[in-house]
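Here are my notes on the model you sent over, point by point. Have it open while you read.

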Amino acid sequence: MINPHYGNIPPSYLFSEVAARVSAYQDAHPDERVLRLGIGDVTRPLAPAVVDALHDAVAEQASGESFRGYGPEQGYAFLRDAIVAGEYAPIGTAIAADEIFVGDGSKTDTAGVQELFAADATIAVSDPVYPVYVDSNALAGRLGEFVDGRWEQLTYLECTAENGYVPALPEAPVDLVYLCSPNNPTGTSLSRADLERWVAWARENNAIILFDVAYRAFVTDPTVPRSIYEIEGADEVAIEFGSFSKTAGFTGLRCSWTVVPKALTRDGASLHAMWSRRHATKFNGTPYIVQRGAEAVYSEAGREQVQADIDYYLRNAGLIRDALRGAGIDTVGGVDSPYVWFRCPAGLDSWAFFDVLLNEAQVVGTPGVGFGPAGEDHFRLSAFGTYEDTLEAVARISSLVPTLHSTT
Ligand code: MLT
């Protein structure tokens, strides 16, 4: 009677498990100041331009003349147009406004997209990667059993120092591949040549790429693509997910977009029409007020204010990187990304290092194994804290690391 696949998946979602451990620690040590560099949740307040737009939209909702009830499920035209003008037109991609679907967060969108595909569709993910892609397919029953930390029917594309954190093309054909660039958790990006290889592979193999660009606003390297549609032919093989969460501090407000190009068809079916049907059935739209706030991200003032916050977080990322390197730990990420990724010191596994860091330095990070088997023995620190907390956290980490003795 019940979905048996809930019984196969580890009972706790990664960030819920982290939160539970931190909460237990804080309850036992109420006087300790715990510094949170774990979940990628923003700390900067909303940009003033966004706040003004939210206030204006609230005032509209308070008047009989301007009140709005249900909106279009796919998003208001003003926001779809603004996303095209702000995100896609400047990088020379031909995405049209009616190919944009406004959602309430990339977690919802990336977890939901698997519904468009057959129950026996085969899946590959880069490893390590945002756990939602894997967990949503596990719950849909596509991944088989979870044995020794691996799903039996999932293709893992390892991203390690040895391959420069670039996933190799699958050796056997798969139907769907989830990629994220800049990647969560490694903070590394795929180059244009990498993406060209992936698009060519997808075209040859009739596969679909599910491409997550939640962190695209952090890209500073002008050669790094900000959208898969910068690659010719990608509109026939890729769906892309963008988010206002990390770009503009909307983790609490909730707003995202999904691009489903009209050129993307399989077996005579339009994926655009399918996603539109799904959206209309399951979603009544992101709140009007929130969409007005998101639109303001693209105003002149909004852009400047949001960029200042991104620069603020990137400065934190630099602090984390420098401190770890100063302590003799190699890192990746933190340049075009708010995440810094590294091998745990002293031969500790990732949950052991999590516990040491929490207990000895009162700093929270995210254990790498939570992002996939290739994350074992690795760790992620987030740059989304305040500058002051990040400074304090890196000072504590710099004092702690030399006291850890290698067990390897
Ligand atoms: C993360 O820390 O990986 C993200 O904040 C989680 C999310 O965006 O859902």
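1. Start with Pro128, which sits in the loop between strand 3 (123-127) and helix 5 (131-139). A cis peptide bond links Asp127 to Pro128, with omega about 10°. There is another cis bond, between Ser181 and Pro182, where omega is about -5°; Pro182 belongs to the loop between strand 7 and helix 6. Most peptide bonds are trans, hence the flag. Helices (H or I, at least four residues) and strands (E, at least two) are DSSP runs, numbered from the N terminus.

2. A word on what you're looking at. This is a predicted model, in which local features need pLDDT of at least 70 and side-chain atom pairs count only at pLDDT 80 or more, while totals for chains, interfaces and linings use all residues. Residues are numbered from 1 along each chain as its sequence is written.

3. Two backbone angles deserve a glance. Arg254 has a positive phi of about 80° although it is not a glycine, and it lies in the loop between helix 7 (245-248) and strand 10 (256-259). Asp377, also not a glycine, has a positive phi near 70°; its place is the loop between strand 16 and strand 17. Arg254 is partly exposed, with 18 other C-beta atoms within 10 Å, and Asp377 is partly exposed with 18 other C-beta atoms within 10 Å. On the scale used here, buried takes 20 or more other C-beta atoms within 10 Å of a residue's own, exposed 12 or fewer, and partly exposed is in between, with C-beta atoms placed from the backbone.

4. Two strands count as paired if DSSP finds at least two bridges between them. They belong to an open, antiparallel sheet of 4 strands in the order 13-14-17-16. Strand 13 and strand 16 (366-367) are at the edges with a single partner strand each, so one side of each has no neighbour in the sheet.

5. Now strand 8 (residues 208-212). Because 5 of its 5 residues are buried, strand 8 is largely enclosed by the rest of the structure. Ile208, Leu210 and Asp212 point one way, Ile209 and Phe211 the other, and all are buried. Strand 8 pairs in the parallel sense with strand 7 (residues 176-180) over 5 bridges, with Ile208 as the bridge partner of Leu176. Strand 9 (residues 238-243) also runs parallel to strand 8, through 4 bridges, and here Ala238 is the bridge partner of Ile209.

6. Strand 7, helix 6 (residues 192-205) and strand 8 form a right-handed β-α-β unit. Right-handed means that, with the strands pointing away from the viewer, the path from the first strand over the helix to the second runs clockwise.

7. How is the chain divided? The assignment gives domain 1 (4-46 + 301-401) and domain 2 (50-300); such bounds come from an automatic or database domain assignment. The C-alpha centres of domain 1 and domain 2 lie 24 Å apart. The contact takes 39 residues from domain 1 and 44 residues from domain 2, where contact means C-beta atoms, placed from the backbone, within 7 Å. Helix 10 (300-326), strand 13 (331-333) and strand 14 (339-343) are the elements giving two or more residues to domain 1's side, and helix 10 gives the most, with 8 residues.

8. Finally, is Tyr88 buried or exposed? Tyr88, found in helix 3 (residues 77-88), counts as buried because it has 23 C-beta neighbours inside 10 Å. Leaving aside residues up to four places away in sequence, Tyr88 touches Thr93, Ile95 and Ser227.

Methods: Two residues are in contact if their C-beta atoms, placed from the backbone, lie within 7 Å.
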